Amino acid sequence: GFLARREARRLPGTRVAWIYDPRGAEAVGTFGEAFAVYDCVDDYAEQAAYSARSRELVRAADRTAGVRARLVFATTRSLFERHAQQNARTYLVPNVGDFAHFAAAADRRFAEPELLELQRPVLGFAGNLVVSKLDFELLAELARTFAQGTLLLVGPAERQARESLARLESLANVRWLGPRSYTELPRAVAAFDVALIPYLENEYTRSCFPLKLYEYLAAGKQVVATGLPELVGLEPHVVVAWDADAAVRAIGNALARGAAGRAERQALAARNTWDTRTSRLLDLVENELAS
């Protein structure tokens, strides 16, 4: 509000307004900025927390932000195509990961001691357990298929997911660790034999590029994902399966490959870090300022 605008105008030099929440589009032009950037990292309107009315309001704000901003950065092709229709200065700049934070997890001995005792193979997922994104039926199928191993889940569970999670935990080889801090997370990921991104296919996930992808790859893990068209093309390190049978086959193939390709996976992650994304964004901003 007023305080933000007052403080912005006190900043020395040329100012650029950087918008993440599209509802901030109404403030564009009020900070004394040279121009605004809309960094569109998600399909906000499709997040399940919104009501139908709220979704429409957020969609409208998203369109307004894309028009009022001089530059638009989009993390997925679908978001890029949406905004490029109304703003020619739209750029595809995908999400990345913290390579340095997760690289040590490539060594399984880095895992928490109790996780080293789990029956293998360990199929692991690290992230928020939410019913709008996570395919709990698929996870149950994987647990039953790989009954000799362990399905390891790491992360907080929303209230609406507790019933689905309880059914999943009723299977003998499913282990839910609950939340882990970001500092502790690599020591859980280190225990994974195959890393999972088991998402539902819906309007939200079709515009989703999970941050965990390059975190998994930094840890040297092979990734099997579902419901995420944005990850197609990263084979063989990342396989996108479109049904349970395909996911089972992809996991079986990943287990057969074992550690093969670990160095290539880590090299791919090392080329996609926050430093590389920041450099790309700042280059585009500087070029726009110069012009």
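Predicted model: local features only at pLDDT ≥ 70, side-chain atom pairs only at ≥ 80, totals over all residues.
Let me begin with the largest pocket, which has a lining of 31 residues, and the ones that lie nearest its centre are Gly127, Asn128, Lys133, Tyr199 and Lys212. A pocket here is found on a 1 Å grid over the protein atoms alone, as an open set of points where a 1.4 Å probe fits, with protein on both sides within 12 Å along at least five of seven lines, and a lining residue has an atom within 4 Å of a point.

Residues are numbered from 1 along each chain as its sequence is written, and side-chain values use heavy atoms, with hydrogens and water left out.

The space in this largest pocket comes to about 770 Å³, where a volume is the space filled by probe spheres set on the grid points, which are joined across faces, edges and corners. Its lining divides into 16 nonpolar, eight polar and seven charged residues; Ala, Val, Leu, Ile, Met, Phe, Trp, Tyr, Cys and Pro count as nonpolar, Asp, Glu, Lys and Arg as charged, and the others, Gly among them, as polar.

The second largest pocket holds about 210 Å³ of space. Of the 15 residues lining this second largest pocket, Phe192, Asp193, Gly258, Ala259 and Arg262 are the closest to its centre. By class, the lining has six nonpolar, three polar and six charged residues.

Now to the helices. Two packed helices are described by the angle between their axes and the distance between the axes. How do helix H5 (residues 136-145) and H9 pack, and at what angle? Their angle is about 45 degrees, with the axes 10 Å apart, where axes are lines fitted to C-alpha atoms, for helices over the stretch in contact, and angles run from 0 to 180 degrees between N-to-C directions. That makes H5 oblique to H9, given that angles under 35 degrees count as roughly parallel, over 145 as roughly antiparallel, 65 to 115 as roughly perpendicular and the rest as oblique. On the H5 side the contact (heavy atoms within 4.5 Å) is made by Leu138, Glu141, Leu142 and Thr145, and on the H9 side by Ala244, Ala247, Val248 and Ile251.

With helix H6 (residues 162-169), H5 packs at an angle of about 5 degrees, the axes being 10 Å apart, and the two are therefore roughly parallel to each other. Here Phe136, Leu139 and Ala140 of H5 meet Ser164, Leu165 and Leu168 of H6, a contact with five nonpolar residues, one polar and no charged.

Finally, the loops. Aspartate 135 sits in the loop between strand E5 (122-126) and H5, and, leaving out residues up to four places away in sequence, aspartate 135 touches Pro198, Tyr199 and Leu200. Most peptide bonds are trans. The bond joining arginine 120 and proline 121, however, is cis, with omega about 10 degrees, and proline 121 lies in the loop between helix H4 (99-102) and E5.

Technical notes
Helix = DSSP H or I, 4+ residues; strand = E, 2+ residues; numbered from the N terminus.
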